[in-house]
Each structure stands twice: as C-alpha cells, then as structure tokens.
Amino acid sequence: MNYTQQLSILILLSLMILSACSSSDDDEDLMGNWVEMGSFEGVPRCDAVAFVIDNYAYVGTGYDGVEDERLNDFWRYDAEKDFWTQIAPFEGAARNGAVGFGANGKGYVTTGYDGKNRLNDTWEYNASANSWTQKSDFGGSARYDAVSFALNNEGYVGTGYDGNLLKDFWQYDPVTDSWEQRVSIGGKKRRDATAFVIDDKAYVLTGSDNGQYLDDMWEYDAANDIWNAKRDIGKDANEDESYDDEYEIVGIKSVSFSINGLGYITTGGPGAPGALTWEYNPDSDVWEQRSNHEGSPRYDAVSFVINNEPYIATGRSSGYYFDDVWTFKPNEEQDDDD
C-alpha cells in the first residue's frame, strides 16, 4: 500500500468518525430516518447520472477512479423488489460530469467529460426497446458539471464549465428534438450546483464561482421564463432571527430531490464531503435541518424519486468510491439500527 492509499484511508476514517459523532450527538433530535437498501450492482462510482421512467430509476456513466477511464454501463432499479438489472450500455462516449433527466416517457443524457474533451452530444433512452438513440446536440457549449431538471415534459440544462464558468440555460423539447435558449439564471455563474422541482417551479442552488461557495438560491418559472431570487442559504447572508445559527447550506457536489411539496438537499458541502440534510418549504421560503445522511460523507452521488420515495446512491470521498443506496423518510425518527 503506497503513501497516497494510506493517506486516503486515514482521511476516510476521520470523516466516518466525524459523521458518527454528528449522528450520535448533534443529530439525535433531528427528524428524518435514513434506511440502507441493497447495494447498487455496478462498480462503485461517482459523478454518474440518473433519471426516472415510469416506476424505475436508471443510473449510469460516471467515474470509478481508474485513471483516464470513464464508464458507459447503465442499470435499472426496481424499488419494489430492491433489485438492479443491467441494461443496454450508453452508446455515447463514456463520461462523467454529465446530466440526465426524464421527459415525455424517455430518459436523456447530455454534456459531460470523457477524460479529454468536454461534450455536448445528447442521447435518448427508450425503455421499451432498451435502446439508445442520438438526438440533437445540446444547444449550448460543450461542458460538464452543469445542472438539469424537467418541467412539463421538457428538459432544462444550464450552468457548468466549458473552460469558463457559465450561467446560461437551455430548454429541450423531446417532441421536436430541439433546444432553445431560455433566460440565464440570476446572480453569478456557477458549477457543481444542484436543482429540484416542486409543482411547476424549479429551484437551483449551491455551487461555486471565483473560488467562493455561492449562497444564493433561484426559482425558475418556466411559464414566464423568469428567475426569482429566494432567501439566501448562507448563515452570514441572513439576519432573520428565526433562522438557526447553524443555518448554512452552501457547498458543491450535493444532491437534491423533492417529495410531498418540499425540497431536500444532502451530502456534498463546503471544504470536505458532507452528510448534512436540509428540508425546504417553498411557502415560507425557509429551510429546516433534518437528520444527517447515515452513509459515509460524500460528493458526487446521484438522487432519484420513485413513487414519492427518495433515494441516494453512489458517490465518492477522497479516493473511495461508493455503491451503497439509501432511502430517506423525513417524518420518521432516526433509527441507527435499521
């Protein structure tokens, strides 16, 4: 075992100890219970993509730590049976840092990085035929570390890095196979942000620009093609005394999802991979802390929702890559033994 491997082990053990201390002490009064499911059956990885078609999630691509190699395998998750099945491999270049979304009954993967090149090709997955078809190239520049979401059976992709940090947004229409530029997100350029959808609005937050973690949050109204600034997510940016002193959600490489009209963000973080979990109420525009993710702190996981149940899978911490899968029950008390 070389020095780098030894150092990676020490870092990971330290993070796990910190996480365990947080779960047993600071986390004990917070609501929300994380339950571990059966492992993802592909190789451990980070920076993959995920989308949902009907009642199945699809996870693929990413990076497993092998230098100069990226992944192109894809897997379907049956949540009812807690079972993964390998499907047709992704037919574009193997990549990480791409984005995925489900729209109009199909799955889509676009942008990313193949180890040498930034990418802008777009691929559609047909679950009935178990096949991939190349579609019109992403309308913006080739990039990675963007964000994506779906609204009204159309996909949206924006921000990221193309050699320059970006803030542009593009809408994809699966019916016409066409991309159209929409209004850019407000505030700063960003990469490594995250997004979730509640009802007919999308929310984009976190990320970095100019060496800083961003503390702004934006709501996208697709019907009117406008971005509305929401309450900032950094504790130093808020003077509302109703906020918890530890209210701070800034960071990079987090994952997010929405269920029951509420948004959630977890893992990622500033400075080091984390496990904090926060719940967002769009009516009050206020966040509330929930129980920490009970797996190892991590960056670059994937998230998806099946039948109103959220799941977090894969990710990395230092030189370690994960294949664990967790579901989150926000209204249950934490149970470390389940």
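Let me start with the largest pocket, whose lining, sorted by class, is made up of 27 nonpolar, twelve polar and eight charged residues. Before I go on, please keep in mind that what you see above is a predicted model, and that the values I quote are computed from it.

That pocket holds about 1,200 Å³ of space, and 47 residues line it, with Ala 50, Gly 100, Ser 148, Ala 195 and Ser 303 lying nearest its centre. If you look at which elements give two or more residues to this lining, you find the strands β2 (49-53), β6 (99-103), β10 (147-151), β14 (194-198), β20 (255-259) and β24 (302-306).

I would like to turn now to charged side chains, where the count comes to 17 salt bridges. One of them joins Lys 253 to Asp 192, with a distance of 3.1 Å from N to O.

A second salt bridge is formed by Asp 300 and Arg 316, whose closest N and O atoms are 3.1 Å apart. Here, too, distant parts of the chain are linked, since Asp 300 belongs to the loop between β23 (286-290) and β24, whereas Arg 316 belongs to strand β26 (residues 316-317), and the two are 16 residues apart. Is Asp 300 buried or exposed? With a relative accessibility of 8%, Asp 300 counts as buried, because the cut-off for that word is under 20% relative accessible area.

Another salt bridge brings together the side chains of Lys 201 and Asp 200, at 3.3 Å from N to O. Asp 200 is partly exposed, with a relative accessible area of 44%.

Next, a residue of strand β20, namely Ile 259, which is buried, with a relative accessible area of 4%. Which residues does Ile 259 contact once its neighbours within four places in sequence are set aside? They are Tyr 264, Val 305, Asn 308, Pro 310 and Pro 330. Pro 330 is 71 residues away from Ile 259 along the chain, and yet their C-alpha atoms are separated by 9.5 Å.

Asp 68, which is not a glycine, has a positive phi, near 65°, and its place is in the loop between β3 (56-60) and β4 (74-78). Thr 267, likewise not a glycine, has a positive phi of about 55°, and this residue is found in the loop between β21 (262-266) and β22 (277-281).

Key. Residues are numbered from 1 along each chain as its sequence is written. This is a predicted model: local features need pLDDT of at least 70, side-chain atom pairs count only at pLDDT 80 or more; totals for chains, interfaces and linings use all residues. Side-chain values use heavy atoms; hydrogens and water are left out. On a 1 Å grid over the protein atoms alone, a cavity is a set of points where a 1.4 Å probe fits but cannot get out, and a pocket is an open set with protein on both sides within 12 Å along at least five of seven lines; lining residues have an atom within 4 Å of a point. Grid points are joined across faces, edges and corners, and a volume is the space filled by probe spheres set on the points. Helices (H or I, at least four residues) and strands (E, at least two) are DSSP runs, numbered from the N terminus. Ala, Val, Leu, Ile, Met, Phe, Trp, Tyr, Cys and Pro count as nonpolar, Asp, Glu, Lys and Arg as charged, and the others, Gly among them, as polar. A salt bridge is a side-chain nitrogen of Lys or Arg within 4 Å of a carboxyl oxygen of Asp or Glu. Buried means under 20% relative accessible area, exposed over 50%, partly exposed in between (1.4 Å probe, protein chains only). Contact means heavy atoms within 4.5 Å.
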